[in-house]
Amino acid sequence: MSENIIRFERGIPGFLDEKEFIIQSFNEVYDLGEDSPFYFMKSVQNKDLSFIIINPFLFFPDYEFQLSNEVIERLGIQKEEEVAVFSIITLKDQVKDATANLLGPIVINTTNRQAEQLFLDGTSYTTKHPLFAKQEALAGGE
Amino acid sequence: MLVLKRKLNESIMIGDDIEIKIVSIESDGVRIGIEAPRELAIYRKEIYLEIQQENQGAIAKDTMQAKQLMDVLKQYKGDERIGDK
């Protein structure tokens with residue numbers, strides 16, 4: 001399991017004391033027997049603290065941003081292949097209204113397991129992109 | 001809070017290696033240049049607060065609800081935007 005632990009040297013905003021998280025796929029947690037684009041990001045020291053994260057590119061294929069030299073240096077990134085990106089999901093009362101935080105992606109160096117939540121300042125991304133936007137359109141609203 | 005008066009192109013040093021410079025002064029705002037070591041992340045406060053607030057609201061409390069994400073996704077399948085992986 002320890003190979004799935006990632007380390008945020010400075011914590012994440014709102015949870016600055018939480019430095020280590022473990023990433024587990026829904027498949028692993030719920031024994032789905034199928035691939036899932038959803039993962040839990042669970043605090044190692046606080047069992048009650050977990051987030052749901054996704055690979056944003058599966059839901060938002062046009063999503064893109066540049067890693068600054070500062071981030072590349074802080075995370076010790078050597079090559080693009082070792083970078084993993086996740087977005088945190090916020091669940092609403094209705095699960096179909098779930099949103100993804102594309103303004104603050106989580107970037108991980110999969111080689112050394114260092115992670116950081118970035119702020120894509122100066123982009124049009126927000127903290128609340130509907131995950132199931134198309135379905136809502138098909139349903140014609142409620 | 002320490003308050004200092006600065007004019008255009010004047011700077012403030014914080015410690016030995018952080019410099020904050022007034023780059024331009026306009027009617028609707030001030031442009032500030034910052035030089036700091038790379039280990040320091042720099043951001044506008046409102047962005048930081050927005051991310052902080054979103055993070056706090058994103059704690060996964062209800063695992064049953066989380067699991068429903070899979071059901072919603074299944075209904076949503078057929079949409080080529082979502083891959084099989």
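**Exercise 1.** Determine whether A:Glu9 is buried or exposed, or lies in between, and work out which residues are joined with A:Glu9 into one salt-bridge network.

*Solution.* Step 1: A:Glu9 has a relative accessible area of 46%, so it is partly exposed, a class that lies between buried (under 20%) and exposed (over 50%), as found with a 1.4 Å probe and protein chains only. This is a predicted model, in which local features need a pLDDT of at least 70 and side-chain atom pairs count only at pLDDT 80 or more, while totals for chains, interfaces and linings use all residues. Residues are numbered from 1 along each chain as its sequence is written, chains are lettered from A and ligands numbered from 1 in the order in which they are written, and side-chain values use heavy atoms, with hydrogens and water left out.

Step 1: The side chain of A:Glu9 meets that of A:Arg7 in a salt bridge of 3.3 Å, N to O, the term requiring a side-chain nitrogen of Lys or Arg within 4 Å of a carboxyl oxygen of Asp or Glu. A:Arg7 is partly exposed, at 29% relative accessibility.

Step 2: A:Glu20 also forms a salt bridge with A:Arg7, the closest N and O atoms being 3.7 Å apart. This pair links distant parts of the chain, since A:Glu20 belongs to strand S2 (residues 20-25) of chain A and A:Arg7 to strand S1 (residues 5-8) of chain A, 13 residues apart; strands (E, at least two residues) and helices (H or I, at least four) are DSSP runs, numbered from the N terminus.

Step 3: A further salt bridge, at 3.7 Å, joins the side chains of A:Arg10 and A:Glu116. Because A:Arg10 lies in the loop between S1 and S2 of chain A and A:Glu116 in strand S8 of chain A, the pair ties together parts that are 106 residues apart in sequence. Within this pair, A:Arg10 is partly exposed at 33%, whereas A:Glu116 counts as buried at 7%.

Step 4: Salt bridges with shared partners therefore join A:Arg7, A:Glu9 and A:Glu20 into one network. Over all chains, the structure holds 10 salt bridges.

**Exercise 2.** Identify which residues of the largest nonpolar core touch the most other members, and state which element gives the most to this core.

*Solution.* Step 1: A nonpolar core is a set of buried Ala, Val, Leu, Ile, Met, Phe, Trp, Tyr and Cys residues joined through side-chain atoms within 4.5 Å. The largest one has 38 residues, of which A:Phe26, A:Phe38, A:Ile52, A:Phe59, A:Leu131, A:Phe132 and B:Leu69 touch the most other members.

Step 1: The elements that each supply at least two residues include helix H1 (26-30) and strand S3 (38-43) of chain A, together with helix H1 (45-57) and helix H2 (63-76) of chain B. H2(B) gives the most, with six residues.

Step 2: Beyond its neighbours within four places in sequence, A:Phe26 has contacts with residues of both chains, among them A:Phe38, A:Ile52, B:Ala66, B:Leu69 and B:Met70, a contact being heavy atoms within 4.5 Å. A second, separate core has 17 residues, including A:Ile12, A:Ile23, A:Ala84 and A:Ala115.
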